[in-house]
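Hi,

Here is the structure I promised to pass on to you.

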Amino acid sequence: MVRYMLFGKVGVGFLRGTQVFNHKQKRNLVNVKLKWVKDRALDAVVTAERDLKAACVLVSIISSSSHGCLPIYHLSCHRGQLNLPYELKVSTFIRRYPSVFLESHVHDSGGTRVPCFSLTPEAIKLHQEESNLVQQNQIDILNRLRKLLMLTRGWKLPLQTIDQLKWDIGLPYDYQHSVIPHHPDLFSFISLPDDRVGLKLLSWDDDLAVSQLQKNSAIQQEKEDMRNGCLAFPIGFTRGFGLKRKCMEWLKEWQSLPYNSPYYDASHIDPRTDESEKRVVGVFHELLHLTIQKKTERKNVSNLRKPLALPQKFTKVFERHPETPYCRTERKICNAVEESDYRSSFKEDSENDLLSEYESDELHNPC
């Protein structure tokens, strides 16, 4: 199944070395909680993709099997990866999409008929196209993974954490076998102190250690801001979002604070200051830009707190800055969405990827 993949080319870095700003830090965190407003258009997109992601995971599992057909009890073992509602059976979900999955039956050792599922010819064709897309964009995929690891302490993450993000950053389902072993100069599997297996980046690349905000500023030739290091985040207010004058003044002042690249050490920043909060937002901003569709589930961000060296209760920035990462909550699931860039990515890339989108939508149309 072809995913709506929006690969962005990684730019060449223009900053090298640790950034230093002559700025006096002030402990002036203002007690501000801005109004949260729903964006129904973005909510609808996120909700629709939930089923698409689950279907794509199932397609990858079935296509990787030796016979191209798996019994339902085997597929149900992967339920945790599908993120389906608790009350929805895996078999019920699969049967919603007969244009993707073919159902047959086999008898188990006790003679009971067991449903088995394979892929339709159309699904097989689209899955092959997706594999070709991954191959064509392998450099982009590798750079996304490298940049993700460069954001972390020690340039390493547990495989479990990467698995939660692999859909968002465009990694193939079987990346541990199809991607990592082919790049022993870049990655290494390691054993972590908690006995989990992790992935470590073996070398730093200064050209990749440039955030999206820095690249945008360079393109827009904001020389004064770049020289001062006071880069402002793009803001996209949801319709109905209202700010009091006091909040507007606070936000303007906050935007003028020094910007610290998420790729460099920030241990010198007092976590009780607005400058520290701006760095946290900067980490979120960069993390979302490493994803293909500029969004990820909130739980994925929470699991990265320690690797990204974020302070306790760092998710408070979602309440204080809803205009930067947009959050939606449904059934205790929150998706952090870089709203302004999420919208612009559809405008810029829709023509190039329209065919893939239509093919996916047609194939994924439920009964």
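Below is what turned up, beginning with the aromatic rings and ending with a serine. Please keep in mind that this is a predicted model.

Aromatic rings

Searching the whole structure gives 3 aromatic pairs. One of them is formed by Trp-155 and Trp-204, a tilted pair with 5.5 Å from centre to centre and 35 degrees between the planes. Trp-155 sits in the loop between helix H6 (138-150) and strand E4 (156-158), while Trp-204 belongs to the loop between strand E6 (197-201) and helix H9 (212-219), so this pair ties together parts that are 49 residues apart in sequence. Both are partly exposed: the relative accessible area is 26% for Trp-155 and 27% for Trp-204.

Another ring to look at is that of Tyr-173: Lys-166 lies over its face, 4.2 Å from the ring centre.

The serine

Ser-65 is found in the loop between helix H1 (40-63) and strand E1 (69-71). Is Ser-65 buried or exposed? Its relative accessibility is 16%, and buried means under 20%, so Ser-65 counts as buried. What does its side chain reach? The side chain of Ser-65 comes to 2.6 Å from the backbone oxygen of Ile-62, and a polar atom of that side chain lies 3.1 Å from the backbone nitrogen of Gly-68. Ser-118 is 53 residues away from Ser-65 in sequence, yet their C-alpha atoms are 9.8 Å apart in space.

Best wishes

Key
Residues numbered from 1 in each chain as written. Predicted model: local features only at pLDDT ≥ 70, side-chain atom pairs only at ≥ 80, totals over all residues. Heavy atoms only, no water. Phe/Tyr/Trp six-rings, centres within 6.5 Å; stacked < 30°, edge-to-face > 60°. Helix = DSSP H or I, 4+ residues; strand = E, 2+ residues; numbered from the N terminus. Buried < 20%, exposed > 50% of the residue type's maximum accessible area, 1.4 Å probe, protein only. Lys NZ or Arg CZ within 6 Å of the ring centre and 35° of its normal. Polar contact = N/O pair within 3.5 Å; in protein donor to acceptor, adjacent residues only side chain to side chain.
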